[in-house]
Amino acid sequence: MFSRYYSRMWLDEAPNRVAPHRDAEISRERNKCMKRYFPDIEERTKVNTEFAKFAAKYDKFGDHDSSHDRGIMDPKIWWIVHGSSVPKLQSLAIKLLGQPCSLSCCERN
């Protein structure tokens, strides 16, 4: 869900980089995740459609500000600002990006 990994700036930093939706392993794992978060097939189809819009830069995701901000904004802020056209995906992205990514809480216990 990190918008930075779809920015032209990040993709151009290394010659072998590809967007995550073009990587078979990442796509397989994303699909597993979507099945877990959205067990209802109809809801998952809607989320997958929203993801396609994001990954392919359709609709609002193709405008200049959205594309420019992908590489420079904090991902959670980017989703808040630019994700309203895909509400299910936006909600999931904000939820996932809001989780702490440190073991410090566990280590303290």
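A: Let's start at Asp 59, which is exposed, with a relative accessible area of 57%. Here buried means under 20% relative accessible area, exposed means over 50%, and partly exposed lies in between (1.4 Å probe, protein chains only). Please keep in mind that this is a predicted model, where local features need pLDDT of at least 70 and side-chain atom pairs count only at pLDDT 80 or more, while totals for chains, interfaces and linings use all residues. Residues are numbered from 1 along each chain as its sequence is written, and side-chain values use heavy atoms, leaving out hydrogens and water.

Asp 59 has a partner: Lys 53 forms a salt bridge with Asp 59, and their closest N and O atoms are 3.7 Å apart. A salt bridge is a side-chain nitrogen of Lys or Arg within 4 Å of a carboxyl oxygen of Asp or Glu. In general, side chains of opposite charge can pair when their charged atoms come close. Lys 53 itself is partly exposed, at 28% relative accessibility.

By this rule there are three salt bridges. Another joins Lys 88 to Glu 43, with 3.3 Å between the closest N and O atoms. This pair links distant parts of the chain, 45 residues apart: Lys 88 lies in helix α6 (residues 87-97) and Glu 43 in helix α3 (residues 41-55). Such helices (H or I, at least four residues), like strands (E, at least two), are DSSP runs numbered from the N terminus. Lys 88 is partly exposed at 28% relative accessible area, and Glu 43 is partly exposed at 27%.

There is also the pair of Glu 29 and Lys 32, whose closest N and O atoms are 3.2 Å apart. Because they are three residues apart in helix α2 (residues 24-37), about one helical turn separates them. Both ends are partly exposed: Glu 29 has a relative accessible area of 39%, and Lys 32 has 44%.

Helix α2 also meets α3: their axes come within 10 Å and cross at roughly 140°. Axes are lines fitted to C-alpha atoms, for helices over the stretch in contact, and angles run from 0 to 180 degrees between N-to-C directions. The two helices touch through Arg 30, Met 34 and Lys 35 of α2 and Arg 44, Val 47, Asn 48 and Phe 51 of α3, where contact means heavy atoms within 4.5 Å.
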